[in-house]
Amino acid sequence: MKNMKKVAAAVLAVCMAASLTACGSKAPADTAAPAETEAAESTDGSAAAVAGVDDLPGKTIGVQLGTTGDIYASDYEAEGSTIERYNKGADAVQALKQGKLDCVIIDNQPAQAFVEKNDDLKILDEEFAVEDYAICISKDNKELTEAINGALAELKAEGILDSIIANYIGDDTKGQSPYVSPEGVDRSNGTLTMATNAAFEPYEYYDGDKVVGIDADMAQAVCDKLGYELKIEDMEFDSIINAVQSGKADMGVAGMTVTEDRLTSVDFTEPYTTAKQVIIVRK
Amino acid sequence: MSDFQLKFYTNFIKEDRYLYLLKGLGNTLIITLFAVIIGVVLGFLVAIIRSTYAKTGKLKLLNTLCGIYLTVIRGTPMMIQLMIMFYVVFVSSNNKILVAVIAFGINSGAYVAEIVRSGIMSIDQGQFEAGRSLGFSYPQTMWYIIMPQAFKNVLPALANEFIVLLKETSICGYIGLMDLTRGGDIIRSRTYEAFMPLIAVAIIYLIMVVGLTALVGKLERRLRASER
């Protein structure tokens, strides 16, 4: 009798698991329809979908917390827009796909990656903002800022920086010129800890259990120049500046834009690349 | 000191940043309040079903269902449950507060259920037998004799659960909902200062928990009054 019960319980558990997986696989097909109607509704309801920067007032805008997209978009709060701040860009895009948002404002490169993977999304031609990316370093560590500036200038002059960027961006050049550390580098200067948020393709993202991307390769190249061992710490984007300030990390390299507010808390190196903030909408 | 004042100004007064904390606090309180209500109702129902099965052997099917509910909810992290609610179950809903209330309510229900069940099972079997031999039906015995005693016993553990629930709502930021913690995070992302926003948020949580503890302590004393 007791065995019977055990068998019954096991069968029940299997059924539960099966029904759960069934739910999981069915969900996308099921949800496509409501998401579409929802999209249609919100488009009809709020007059028109977002077609440019001028349409942003009054819309529900998704951003990644603490990014420049967030900071600039927050100015629209005064004009009746709702800003929804997610921990990850991918979460905001997910919400956009499900019709919970009118648009997502995010950096151009990750936006390209998102749109590539989602047929129902597109990037507006009109960019939201143009910005410089630089490495942030504690104000107490001026020597490091100068050293990195020197290394960056060398990398730029030698064309290494361009080849690193080309290795990640551009359909023709992608994967063509991976960065390899020169042999016999002296790493006697110790370890340089880099704080980043590895959810920002192609600047930094996980490939297997390793953080790769433009920023990771560039930081490696800088360390090779300066004779450091590179250590990458993955954390939330809005914690990076805190980590650099408190000395938990030596530098923050995370596709970070130079802004006035940030300059009051940390120093920035010379910009290593420029990027655009773009608007993603549903087709 | 003027440095402190300046920091206080940039973190809370400048650009009305304190509003992030205020709105977040409101959301935290709403979510906690309604989640507690759902949790208590759900928890008591499940506890009664489970202990009825344990005592009388009735409600077998319901007991199995409750067992599965407890296993699934207590066996998965709250954060994952919240994400599943938002991105999988309520795909077309955009009411984040509602989603959070339901997710936290269902989660809390599982823990409340086990707490209340422990209370019911702690009441001596003789109390049941006395009730039944006095002519009370099973539900009447439960309601008039067992529950009042059990409730008094589990009150401290329940208060514990509500405190945990209140603090656990701090993960709401994962679905982009601005609760108190996320309000502090937003300020932190604007001012790049860790100290002020984090300490302010911590103090507000502390005040809420102290208030909640005091309320429960009062209720406990009132219930004790009948003991002497």
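What percentage of the 228 residues in chain B is made up of buried residues? In this predicted model, buried residues account for 33% of chain B. The C-alpha trace of chain B extends over about 75 × 45 × 20 Å along its principal axes. Chain B contains 9 helices and 0 strands, and the order of its elements from the N terminus is accordingly written α-α-α-α-α-α-α-α-α. Of the contacts in chain B between residues at least 6 apart in sequence, 75% link residues at least 24 apart.

One helix pair in chain B was examined in detail. Two packed helices are described by the angle between their axes and the distance between the axes. For helix α2 (residues 18-56) and helix α8 (residues 180-191) of chain B, the axes come within 7 Å and the crossing angle is roughly 160 degrees. Angles over 145 degrees count as roughly antiparallel, and α2(B) and α8(B) are therefore roughly antiparallel to each other. The crossing of α2(B) past α8(B) is right-handed. On the α2(B) side, the contact involves Tyr20(B), Leu21(B), Lys23(B), Gly24(B), Leu25(B) and Thr28(B). These residues meet Leu180(B), Arg182(B), Gly183(B), Gly184(B), Ile186(B) and Ile187(B) of α8(B). By class, the residues of this contact comprise 6 nonpolar, 4 polar and 2 charged. Lys23(B) in α2(B) and Arg182(B) in α8(B) are among the residues that take part.

Elsewhere in chain B, Gly126(B) lies in helix α6 (residues 125-133). A residue counts as exposed if 12 or fewer other C-beta atoms lie within 10 Å of its own; Gly126(B) has 8 C-beta neighbours inside 10 Å and is therefore classed as exposed. Between Gly126(B) and Gly211(B) there is a separation of 85 residues in sequence, and their C-alpha atoms are 38 Å apart in space.

The contact between the two chains was considered next. It brings together 26 residues of chain A and 17 residues of chain B. On the side of chain A that touches chain B, two or more residues each come from α1 (2-45), β2 (82-86), α3 (89-97), α8 (240-245) and α9 (260-265) of chain A. The most is given by α1(A), with 7 residues. In terms of residue class, this side of chain A holds 9 nonpolar, 8 polar and 9 charged residues.

Definitions and conventions: Residues are numbered from 1 along each chain as its sequence is written. Chains are lettered from A and ligands numbered from 1 in the order in which they are written. This is a predicted model: local features need pLDDT of at least 70, side-chain atom pairs count only at pLDDT 80 or more; totals for chains, interfaces and linings use all residues. Two residues are in contact if their C-beta atoms, placed from the backbone, lie within 7 Å. Helices (H or I, at least four residues) and strands (E, at least two) are DSSP runs, numbered from the N terminus. Ala, Val, Leu, Ile, Met, Phe, Trp, Tyr, Cys and Pro count as nonpolar, Asp, Glu, Lys and Arg as charged, and the others, Gly among them, as polar. Axes are lines fitted to C-alpha atoms, for helices over the stretch in contact, and angles run from 0 to 180 degrees between N-to-C directions. Angles under 35 degrees count as roughly parallel, over 145 as roughly antiparallel, 65 to 115 as roughly perpendicular and the rest as oblique. A crossing is left-handed if the near helix is turned anticlockwise from the far one by less than a right angle, and right-handed if clockwise. A residue is buried if 20 or more other C-beta atoms lie within 10 Å of its own, exposed if 12 or fewer, and partly exposed in between; C-beta atoms are placed from the backbone.
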